[in-house]
Amino acid sequence: MNIMNAMMLSCVKATALIEMKEHVPLGLLKTMQLRMHTAMCSGCRNYVKQSRLINQLLQKKFDTLPIIKNTDDLEAAIISKLL
Ligand SMILES: [Zn+2]
């Protein structure tokens, strides 16, 4: 196996690393593998853009949710949604 084959990821592995990167830092090897793959694969570049957009929209949605500290606040939040 030459070094290019060792460095080249499949799209399945690349998308798994793209998702993992949102939560934990990738090591140097995985970062380089992912950069090489996304440089050559337009499908995975699109996946990166879509994944970022979805994460931003979800973050925005969760940022607007009320902070509920106890069951009384939860009950009041549910009742206010029902009315
Ligand atoms: Zn790909």
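Modeller: Ala-76 is a place to begin, and it lies in helix H5; please keep in mind throughout that this is a predicted model.

Biologist: Is Ala-76 buried, exposed or partly exposed?
Modeller: Ala-76 has 13 other C-beta atoms within 10 Å, so it counts as partly exposed, since a residue needs 20 or more such atoms to be called buried and 12 or fewer to be called exposed.

Biologist: And what about the rest of H5, does it lie in the open or is it buried?
Modeller: The number of buried residues among the 12 in H5 is zero, and therefore the helix lies largely in the open.

Biologist: How far apart are the ends of H5, and what span should we expect?
Modeller: Helix H5 covers residues 71–82, and at 1.5 Å a residue its 12 residues should span 16 Å, which agrees with the 16 Å between its end C-alpha atoms.

Biologist: How far is Ala-76 from Leu-17?
Modeller: Their C-alpha atoms are separated by 41 Å, and the two residues are 59 residues apart along the chain. For Gln-33 and Ala-76, which are 43 residues apart along the chain, the separation of the C-alpha atoms is 50 Å.

Biologist: Where is Gln-33 found, then?
Modeller: Gln-33 is in helix H3, and it is partly exposed because 19 other C-beta atoms lie within 10 Å. If we leave aside its neighbours within four places in sequence, Gln-33 is in contact with Met-7 and Leu-9.

Biologist: OK, so what are the angle and distance for H2 and H4?
Modeller: Helix H2, residues 11–21, packs with helix H4, residues 42–63, at an angle of about 25°, and their axes are 10 Å apart. Angles under 35 degrees count as roughly parallel, which means that H2 is roughly parallel to H4. The crossing in which H2 passes H4 is right-handed.

Biologist: Which residues meet there?
Modeller: From H2 there are Cys-11, Ala-14, Thr-15, Ile-18 and Glu-19, and they meet Gly-43, Cys-44, Tyr-47, Val-48 and Ser-51 of H4. Sorted by class, this contact of H2 with H4 has six nonpolar, three polar and one charged residues.

Biologist: Is Gly-43 buried or exposed?
Modeller: Gly-43, whose place is in helix H4, counts as exposed because it has 10 C-beta neighbours inside 10 Å. The C-alpha atoms of Gly-43 and Asp-73 are 45 Å apart, and these residues are 30 residues apart along the chain.

Biologist: And at what angle do H2 and H3 cross?
Modeller: Helix H3 takes in residues 28–40, and its axis crosses that of H2 at roughly 120°, with the two axes coming within 10 Å. The two helices are therefore oblique to each other, and their crossing is left-handed.

Biologist: Which residues of H2 meet H3?
Modeller: Ala-14, Leu-17 and Ile-18 of H2 meet Lys-30, Leu-34, His-37 and Thr-38 of H3. By class, the contact of H2 with H3 has four nonpolar, two polar and one charged residues.

Note on methods: Residues numbered from 1 in each chain as written. Predicted model: local features only at pLDDT ≥ 70, side-chain atom pairs only at ≥ 80, totals over all residues. Axes fitted to C-alpha atoms, helices over the stretch in contact; angles between N-to-C directions. Helix = DSSP H or I, 4+ residues; strand = E, 2+ residues; numbered from the N terminus. Parallel < 35°, antiparallel > 145°, perpendicular 65-115°, else oblique. Left-handed = near helix turned anticlockwise from the far one by under 90°. Contact = placed C-beta atoms within 7 Å. Nonpolar A, V, L, I, M, F, W, Y, C, P; charged D, E, K, R; others polar. Expected span 1.5 Å × (residues − 1).
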